[in-house]
Amino acid sequence: MTRDTEKETGASDHGLDPALLAVLVCPVTRGPLDYDAIKGELVSRQLRKAFPIRQGVPVMLVEEARDLDESEA
């Protein structure tokens, strides 16, 4: 991604495009997702799953999501 593209989209190598985050929802519950930039995940508290972000692309497949443990839920 070039610096010009980053300026145009608001995206960077270190995070997701804020516009994308605003429209993404859990694919199962249709509820909100929390962005965990440290772990590189989108978290559905309702579903108790965390969806990975790989190379800047959210993987919104339930079979790819990890279960949240008690302390994370």
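Among contacts in the protein (heavy atoms within 4.5 Å) between residues at least 6 apart in sequence, 20% join residues at least 24 apart. The model is predicted: local features need pLDDT of at least 70, side-chain atom pairs count only at pLDDT 80 or more, and totals for chains, interfaces and linings use all residues. Residues are numbered from 1 along each chain as its sequence is written, and side-chain values use heavy atoms, with hydrogens and water left out.

The protein has two helices and five strands, in the order α-α-β-β-β-β-β from the N terminus. Helices (H or I, at least four residues) and strands (E, at least two) are DSSP runs, numbered from the N terminus. The protein has 73 residues, of which 27% count as buried. Buried means under 20% relative accessible area, exposed over 50%, and partly exposed in between, with a 1.4 Å probe and protein chains only. The accessible surface is about 5,100 Å², and carbon and sulfur atoms hold 51% of that area. These areas come from the Shrake-Rupley method with a 1.4 Å probe; for residues, only the protein chains shown count as cover.

Five of the six residues of S3 are buried. S3 pairs with S2 in the antiparallel sense over four bridges, with S5 in the antiparallel sense over two bridges, and with S4 in the antiparallel sense over two bridges. Two strands count as paired if DSSP finds at least two bridges between them. The hairpin of S2 and S3 has four residues between the strands, and arginine 48 there takes a positive phi near 65 degrees. The hairpin of S3 and S4 has two residues between the strands, with glutamine 55 in the turn at a positive phi of about 55 degrees. In S4, valine 57 is the bridge partner of arginine 54.

Serine 44 lies in strand S2 and is buried, with a relative accessible area of 0%. The bridge partner of serine 44 in S3 is lysine 49. Leaving aside neighbours within four places in sequence, the contacts of serine 44 are Cys26, Thr29, Pro32, Leu33, Lys49, Phe51 and Leu68.

In soluble globular proteins, nonpolar side chains tend to be buried together. Not counting residues up to four places away in sequence, isoleucine 53 touches Leu16, Tyr35, Gly40, Glu41, Leu42 and Pro58.

Charged pairs come next. The whole structure contains seven salt bridges, where a salt bridge is a side-chain nitrogen of Lys or Arg within 4 Å of a carboxyl oxygen of Asp or Glu. Glutamate 70 and arginine 48 form one through their side chains, at 3.1 Å from N to O. Glutamate 70 lies in the segment after strand S5 (66-67) and arginine 48 in the loop between strand S2 (41-44) and strand S3 (49-54), so the pair ties together parts that are 22 residues apart in sequence. Glutamate 70 is exposed at 67% relative accessible area, while arginine 48 is partly exposed at 33%.

Lysine 49 and aspartate 67 form a salt bridge at 2.4 Å, N to O; lysine 49 is in strand S3 and aspartate 67 in strand S5, 18 residues apart. Lysine 49 also stands opposite aspartate 67 in S5. Lysine 49 is buried at 16% relative accessibility, whereas aspartate 67 is exposed at 54%.

Arginine 54 and glutamate 64 form a salt bridge in which the closest N and O atoms are 2.9 Å apart. Arginine 54 is partly exposed at 42% relative accessible area, and glutamate 64 is partly exposed at 36%. A network of salt bridges links Lys39, Glu41, Arg66 and Glu72.

Valine 62 lies in the loop between S4 and S5 and is partly exposed at 31% relative accessibility. Beyond neighbours within four places in sequence, valine 62 is in contact with Val28, Lys49 and Phe51.
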